Amino acid sequence: MNCPECQDLLQRRLDGDLPPARTALDGHLAECAECRARHIAAQRLADGLRLLPRPVPPAGLAQRIVSRALEQRRTDRAWRRRTWTAAAVAAGLLLLVLAGYQLNRSGVFDDPGGRGSASREGATPRAKKTARARHDHAPGGKGGPFLNETIQEAGTAALALTRRTAGETVAQARRLLPGSTLTLPPLKPETPLTPALDPSAESLRQAGQGMTAGLRPVAASARRAFGLFLREIAPMNPEPQSGS
Amino acid sequence: VSSEEAVLVRRCLRGEAEAVQTLVERFQSEVFGLCVRLLNHRHDAEDVTQEVFLRVFRSLRRWDSQRPLKPWIMGIAVNRCRTWMVQRARRPELVDYLHDTAPGPAADDSAELVSEIQAALGELRLEYRSVFVLFHEHGQAYEDIAAALDRPVGTIKTWLHRARLEVLDRLRRRGMISEVNHELP
């Protein structure tokens, strides 16, 4: 056995492996003072490691850690909630801005029918918009047609939905209370909606037009979804009361 | 990996105080003991132990449930100790009056031997010391230490062998050996 082999054996012993060749090791240790000194030191080290006192955590450390960990969890959750809310608001605002910008670029705000002076050839888009705004704003002009048309449309749809829902409710009530004489007061079918927007400032009108153009598809989708929802609702069939 | 550990972790992630308490109590001795050895300062070890567990709970979602929990926690402890030592090196040295790892009086030289071993460990570079303590005091296998320190097993073996030789050389220089016996347990 040589010195490197002896060193390897020393490491294996400290690893906890038992050496297979005891005689060869003893022979080498008897001859090599350096290796012998190391092996003796290794034995002392093994003895000392067994004597090393294990540090004991101070009393109450675990409780302090638990309290801080739970507090940290609460703080993290609150912070995450605030972050998500802020991100959602920011994303919504960004979408609105992008939608407005896109609509503005695609010319939705421009007069499609070429009304008034806006239709003159050679007029810039900005001039067209300004001219049309003046036309709409003028007495006798159409007065914010886009938004008012949309409101009118929404009002008509709401009226139809209300009438239908009320009719169904009355029908259910009649089934529940057979003896009652519930009648639905007649609704004026063609109740005109007064113009909700009286444009007083050009900037406000333009903003309204932008919002209208942006919300029109959303409103249409919402109407369709609501209609589907009403169709999907199972009609309420009350259990017939026994004995009545 | 025991499914019990995975269940405990899931409960901790749900914020159950009882599970958090269980996890802390299960590993606090190991973490605190490692921190005391690596930092050689009991008060610092207490602070770092708290930091370690806060980091553990914050990172619990990243724990690989296919691997045991203890090496993962010990790895975090070694990293926190390393960071703490870097920060401490920038501050004035504090005397640790609370250091209590010195053993009580003994008839033989065992107290001196323990003291020399602790001093020798204090002289080792952090990687060697971490491996030495994890292997000899915490009974961690090479593979677990490698996982904890994110190093190959071969590197861990090399570090441990060098650490032992440095400790042995110090014991020899300090006259802690006698020629009477060279039997290893």
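How much area do chain A and chain B bury between them, and what percentage of it is on carbon and sulfur atoms? Select both chains of this predicted model to begin. Chain A and chain B bury about 4,800 Å² between them, and 61% of that area is on carbon and sulfur atoms. The size of an interface is often given as the accessible area lost when the parts come together.

Next, select the residues in contact across the two chains. On one side are 45 residues of chain A, and these touch 55 residues of chain B.

The rule finds six salt bridges between chain A and chain B. For a salt bridge to look at, select A:Arg38 and B:Asp169, whose closest N and O atoms are 3.6 Å apart.

Then colour chain A by element. Helix H1 (3-15), helix H2 (22-31), helix H3 (33-51) and H4 of chain A are the elements that give two or more residues to the side touching chain B. Of these, H3(A) gives the most, with 17 residues.

The last stop is on H4 of chain A, residues 61-106, where A:Leu96 is found. Is A:Leu96 buried or exposed? A:Leu96 has a relative accessible area of 55% and is therefore exposed, the cut-off for exposed being over 50%.

Conventions: Residues are numbered from 1 along each chain as its sequence is written. Chains are lettered from A and ligands numbered from 1 in the order in which they are written. This is a predicted model: local features need pLDDT of at least 70, side-chain atom pairs count only at pLDDT 80 or more; totals for chains, interfaces and linings use all residues. Side-chain values use heavy atoms; hydrogens and water are left out. Helices (H or I, at least four residues) and strands (E, at least two) are DSSP runs, numbered from the N terminus. Buried means under 20% relative accessible area, exposed over 50%, partly exposed in between (1.4 Å probe, protein chains only). Contact means heavy atoms within 4.5 Å. Buried area is the accessible area (1.4 Å probe) that two parts lose on being put together, summed over both. A salt bridge is a side-chain nitrogen of Lys or Arg within 4 Å of a carboxyl oxygen of Asp or Glu.
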